[in-house]
Amino acid sequence: MERVPILKIGDTLLVSIQIDMEDQVALQLQEDLAERIVATGCGGVIIDISALDIVDSFVGRTLATIASVSRVLDAETLVVGMRPAVAITLVELGLSLPGIRTALNVELGMEMLARDHGDSEPDDTAMQDGDDAAVSAP
Amino acid sequence: MALSSDEAGRFAELLKEREDEIVSTWAERVGSTLRGRLSTAELHRQTVDLHHAVQGALSDGLSELSDGAGGELRALLAELSGSRARQGFTATETAVSVFALKDAVLAALDHAGDERPETLRDYVAFSSFVDQAALHTFDSFVRTREELIADQAEQLLELSTPVVRLWEGVVALPLVGTLDSARAQVVMERLLQTLVDTGSPYAIIDITGVPAVDTQVAQHILKTVVAARLMGADCIISGIRPQIAQTIVALGIEFGDIATKASLADALRHVLKLTGMKRQER
Amino acid sequence: MTSPTTDRIAVSSDQDVVRVRQLVRTVAVSVRLSLVDQTKLVTAASELARNTLVYGGGGTVEVSRVENGRRAGIRIVFADQGPGIADVDLALTDGYTTGNGLGLGLSGARRLVDEFAIDTGVGQGTSITVTKWCR
């Protein structure tokens, strides 16, 4: 069975999914990641899915589980590089991946994690305020 | 009614013998319906070509237009009606180019003073062959028109969907004109692709130029915003007209937590504030 | 146009679901489905093939090119000899699941295709036919 490699870059684990995953491979990745987070003490996980031409509900659910598990292990997960056609399909499928943070590409994802990590608490609230202001505006 | 090989042969003979006479009557009839929109020389050349193709097919013993022997004639008819369709002639004007052959042949028969009883039978069979040819012309005409319309629709879509880069990391999609479901879909796909290509985490969809939205279009915009979020980008909708706001509420469409701004300028200011804040924090 | 051809894959493991996805993708490209429609169809096929495997205990998937006047399309039939579905309406409700999935397989797949037909009964297995047309 193929295995998805996990790279460590600084305080971040980077996973780039390059194959059409069987369900078992996805589940294996979920386990491997949890172990690597604990072993390395990394604070962030970036999963690059730019090579995936589909994300079905199984992969979607696996990504959501990875995000939840890593949050419990005090690591923030970002899913990056989702293709437009995949995003449109997921919306139609009814899968909105709640609880998963996303970025357009690995670089923007790294920036986002760096920002989070810099001085975490005040940043987050500042961001939240900005978003809230947008919502309440006429 | 199919042409027997005898009949086909007799007409091939007739067309050959009286070529000049038939071509000139034929071209004249067609010319009078086209009212000078095609030059006489051009029309004459086309008629001669058609005449040769018909004569050739008949002398090869063709009985139905769909026969193997009719291949060249069918191709020529398709080409002729295609060019007529592109030049803006009507379907009738195009079909007359073929139907006029009947008149020309009838005139030639009259002229020959041929009054044998089988002549009528022959003529009816020949006439049904010409009808087949004209129907083929009509089909080709319609097909060409449909292709033209499809091409134009596509060009129109391309013309009407610019996605512009407004600022570092900000793209804008100024929508102008009525959005139907098909166009909304194309526009939105293009917007999402531009986000990826330019690595822009912010998109402003400006609908100032959109006179009305229906439920489907509003749903498309909503789905795009959700899809953009899945990809890691935020959309702001600007320029919602009062009537459209009324419609959105009346239709019970939930815009939820999607940011909306009065104008494109406000939306840009909002985005710059957000990104500026992030830059400072860094 | 190419004459209608049918490809058949037996589904009995995870790998077969991946093979179904790849076959559907190949056929979708060959009938010139748009990229978004390809993605929707392959995703729907993935959901339904997994259902065939997980709930139907395995079965077969048949992929064929079809034509409807001027439009080309793809028809996929997912068939199994499993326990069948007792309440089809309920099974097509978002979020309903008898397994441990998200309950989006059937209802979600239906939204991703143009035509969706389901033929099932308790103890009679399940056969689902979906079609996607070129625009």
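**Three chains, one predicted model**

Colleague: In chain B, what percentage of the contacts with a separation of 6 or more comes from residues 24 or more positions apart?
Modeller: This is a predicted model, where local features need pLDDT of at least 70 and side-chain atom pairs count only at pLDDT 80 or more, while totals for chains, interfaces and linings use all residues. Residues are numbered from 1 along each chain as its sequence is written, and chains are lettered from A and ligands numbered from 1 in the order in which they are written. With contact meaning that backbone-placed C-beta atoms lie within 7 Å, the share in chain B for residues 24 or more positions apart is 78%.

Colleague: And what radius of gyration does chain B have?
Modeller: The C-alpha trace of chain B spans about 100 × 40 × 35 Å along its principal axes. For a compact globule of 282 residues you'd expect something near 19 Å (the rule, over C-alpha atoms, is 2.2 Å times the number of residues to the power 0.38). Chain B instead comes out at 31 Å.

Colleague: Over to chain C: which strands stand at the edges of the sheet?
Modeller: Five strands of chain C form an open antiparallel sheet, ordered 1-2-3-5-4 (strands are DSSP E runs of at least two residues, helices H or I runs of at least four; pairing takes at least two bridges). Two of these strands have a single partner each, so one side of each lacks a neighbour in the sheet: strand 1 (6-11) and strand 4 (115-120) of chain C.

Colleague: How many bridges join strand 2 to strand 3 of chain C?
Modeller: Strand 2 (residues 59-68) and strand 3 (residues 71-80) of chain C run antiparallel, and C:Glu67 stands opposite C:Ala72 in strand 3 of chain C. The bridge count between strands 2 and 3 of chain C is 10.

Colleague: Which helix gives the most to the side of chain C that touches chain A?
Modeller: In this interface, 22 residues of chain C are in contact with 18 residues of chain A. Helix 1, helix 2 (35-54) and helix 4 (105-112) of chain C each supply at least two residues of that side. With nine residues, the top contributor is helix 2 of chain C.

Colleague: Where in chain A is confidence lowest?
Modeller: Chain A averages a pLDDT of 85 (the predictor's per-residue confidence, 0 to 100), and strand 3 (residues 44-48) of chain A is highest at 96. Over residues 120-138 of chain A, pLDDT stays under 50. The lowest confidence in chain A, a mean of 41, belongs to helix 5 (residues 120-136).

Conventions:
Contact = placed C-beta atoms within 7 Å.
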